[in-house]
Amino acid sequence: MSTAAAQDQIIIPDDIAKSVLLPASYANEAGIVHPALTWLRANMPFARAEVEGYAPTWLATKHADIMEIERTPTVFRSGLGEPYINSLVDTRFLSEMNEGRRGLDTLANMDAPEHTKIKNVTGSWFMPANVRKREESIRAIARQSVEKLLSYGGEVDFFKDIALYYPLRVIMSLFGVPPEDEPTMLKLTQDMFGNSDPDLQRKDVPATPEAAARAWRAAILEFHEYFDKLADDRRANPTDDLASIIANAQVDGEPLPGSFVNGYYIAIATAGHDTTSATTATAVQQLAAHPEQLEAVRADPSLIPGLVDEALRWASPVKHFHRIIGEDTEFRGQQLRAGDSLMLMYPSANRDEEVFTDPFSFDLTRKPNKHIAFGYGPHQCLGQHVAKLEMRIFFEELLPRLKSIELAGPVSYVQANFLSGPKTLPIRFKAA
Ligand code: HEM
């Protein structure tokens with residue numbers, strides 16, 4: 001830990017700061033982002049990044065520090081800014097478009113007591129005992145995905161053709177959204193989170209930050225339109241699906257306002273699939289790279305939960321969450337001011353040498369595996385049990401059907417500093 005006097009702000013060297021902040025770095029996370037994070041953990045574990053085009057921001061890179069920050073939400077606030085960092089241009093455009101108000105009424109934008117009340121609306125629905133009731137319907141979707149994979153006859157882009165759709169279908173089935181609407185959901189999510197990646201940008205708008213901010217806003221408005229109709233329908237015809245629980249929720253004896261209903265739907269629809277697609281694809285990529293681990297987990301399916309956790313640690317598909325400092329405070333010898341921005345670097349925490357033995361080796365038998373890919377504390381991922389269940393089921397269905405997997409070409413990654421992972425994963429496989 002730094003022992004510098006509180007007044008000496010430790011400023012991260014520009015090349016390191018850019019390697020962590022700029023979306024383009026994530027096209028080569030192993031070659032650019034991880035070396036920079038490793039350097040930071042060793043040399044400046046808690047320090048300030050001042051990258052041109054971005055507001056200055058503190059970077060927390062150690063596992064223990066991130067947990068401590070997340071345990072102190074009254075100081076490190078979620079409700080004072082956006083959940084992820086944007087460039088200054090994006091921030092200005094979004095703030096103008098949102099007229100200074102928060103862009104979305106989602107859990108990730110809230111502090112207690114509001115956050116606690118709104119999270120409680122679905123808290124018990126997302127508990128393992130309730131989520132497990134969906135096991136059979138999730139398994140049916142997993143089987144269809146595996147059949148689809150096998151239908152490619154030996155060569156497939158595992159990300160584009162399989163991983164991208166499986167979690168989307170699961171999340172939409174939990175909502176009760178019909179399969180024919182899934183392509184719309186997929187496109188809108190990509191508009192929201194992939195908008196820094198040239199391959200994922202809307203083709204009908206020029207590739208400028210202003211256009212990206214507008215595309216983001218347009219995606220939100222389209223989501224609102226779609227989910228307003230869904231909520232109206234579930235108020236008229238309630239079922240036990242997630243959309244009905246949210247549409248008919250009461251908080252403090254009042255119906256949940258429409259913007260909160262939509263905020264919930266949007267958060268779950270978006271948080272629930274790109275993350276899980278990226279992790280599922282990462283697990284397959286690592287099994288292709290480690291045939292002995294593939295053989296071990298095929299022979300002993302009780303290793304599957306370990307595979308899922310190690311893929312979560314390895315992929316850490318959520319690259320950061322953002323906090324705003326609520327009051328002047330000192331942390332790791334640094335003076336933080338109210339209004340300062342801070343990024344929690346989950347991929348760094350999950351390779352922290354002080355927590356993980358041999359952190360740069362993929363090992364599905366790793367025990368314990370204290371990754372914090374789902375975050376920690378009051379904002380910890382609402383959907384973690386859904387995500388783990390759907391990945392476990394997917395591999396339970398997939399592994400008995402596959403004898404071998406190997407890479408069939410280069411893997412490419414999404415250029416985004418919030419949610420990122422493979423965007424192409426060509427594989428060759430032999431069916432069992
Ligand atoms: C591999 C899959 C996933 C990963 C790695 C992941 C990761 C995360 C992370 C890091 C956070 C922020 C936690 C924090 O601030 O401490 C989060 C929050 C959240 N996640 Fe996930 N997530 C995944 C899947 C899902 C799924 C499947 C859903 C919904 C079904 C979901 C819904 C949410 C929601 C609503 C929040 C906001 C919670 C809050 O602020 O209280 N996530 N997730």
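Predicted model: local features only at pLDDT ≥ 70, side-chain atom pairs only at ≥ 80, totals over all residues.

**Loops, sheets and helices**

Reader: Got it. What kind of peptide bond joins Ala 112 and Pro 113?

Author: A cis one, with omega of about 5 degrees. Another cis bond runs from Lys 367 to Pro 368, where omega is near -5 degrees. Pro 368 belongs to the loop between α17 (346–349) and α18 (384–398).

Reader: And what is phi of Asp 252 near?

Author: Near 50 degrees, which is a positive value in a residue other than glycine. You will find Asp 252 in the loop between β5 (250–251) and β6 (254–255).

Reader: Okay, sheets now! In what order do the strands of the five-strand sheet come?

Author: The order is β1-β2-β10-β7-β3, in an open sheet with mixed pairing. Two strands count as paired if DSSP finds at least two bridges between them. At the edges are β1 (46–49) and β3 (76–77), each pairing on one side only.

Reader: How many bridges do β7 and β10 have?

Author: Four, and the pairing is antiparallel, between β7 (residues 321–325) and β10 (residues 341–344). Within that pair, Phe 321 stands opposite Leu 344 of β10.

Reader: Which helix packs on that sheet?

Author: Helix α3 (residues 63–70) does, touching β1, β2 (57–60), β3, β7 and β10. Touching, or contact, means heavy atoms within 4.5 Å. The direction of α3 makes about 125 degrees with that of β10. For such angles, axes are lines fitted to C-alpha atoms, for helices over the stretch in contact, and angles run from 0 to 180 degrees between N-to-C directions.

Reader: What about the three-strand sheet: which strand order does it have?

Author: The open sheet runs β4-β14-β11, with antiparallel pairing. From one strand to the next, the twist averages 30 degrees.

Reader: How many bridges join β4 to β14, and how many join β11 to β14?

Author: Three bridges link β4 (residues 155–157) to β14 (residues 426–431), while five link β11 (residues 402–407) to β14. Asp 157 has Pro 426 as its bridge partner in β14. Helix α7 (residues 135–151) lies across β4, β11 and β14, at about 95 degrees to β14.

Reader: Changing topic: at what angle do α9 and α13 cross?

Author: Roughly 155 degrees, and the axes of α9 (residues 166–175) and α13 (residues 258–271) come within 9 Å. The two are therefore roughly antiparallel to each other. Angles under 35 degrees count as roughly parallel, over 145 as roughly antiparallel, 65 to 115 as roughly perpendicular and the rest as oblique. Ile 171, Met 172 and Phe 175 of α9 meet Tyr 265, Ile 268 and Ala 269 of α13.

Reader: And α14 with α15: at what angle do they pack?

Author: About 110 degrees, with the axes of α14 (residues 274–289) and α15 (residues 291–299) 5 Å apart. So α14 and α15 are roughly perpendicular to each other.

Reader: Last one! Which residues come nearest to the ligand?

Author: Glu 70, His 115, Lys 119, His 379 and Cys 381, of the 30 residues around the ligand. A residue is near a molecule or strand if one of its heavy atoms lies within 4 Å of it. An oxygen atom of the ligand is 2.7 Å from a side-chain N or O atom of His 115. For His 379, a ligand oxygen is also 2.7 Å from an N or O atom in the side chain.

Reader: Great, thanks for the tour!

Methods:
Residues numbered from 1 in each chain as written. Heavy atoms only, no water. Polar contact = N/O pair within 3.5 Å; in protein donor to acceptor, adjacent residues only side chain to side chain.
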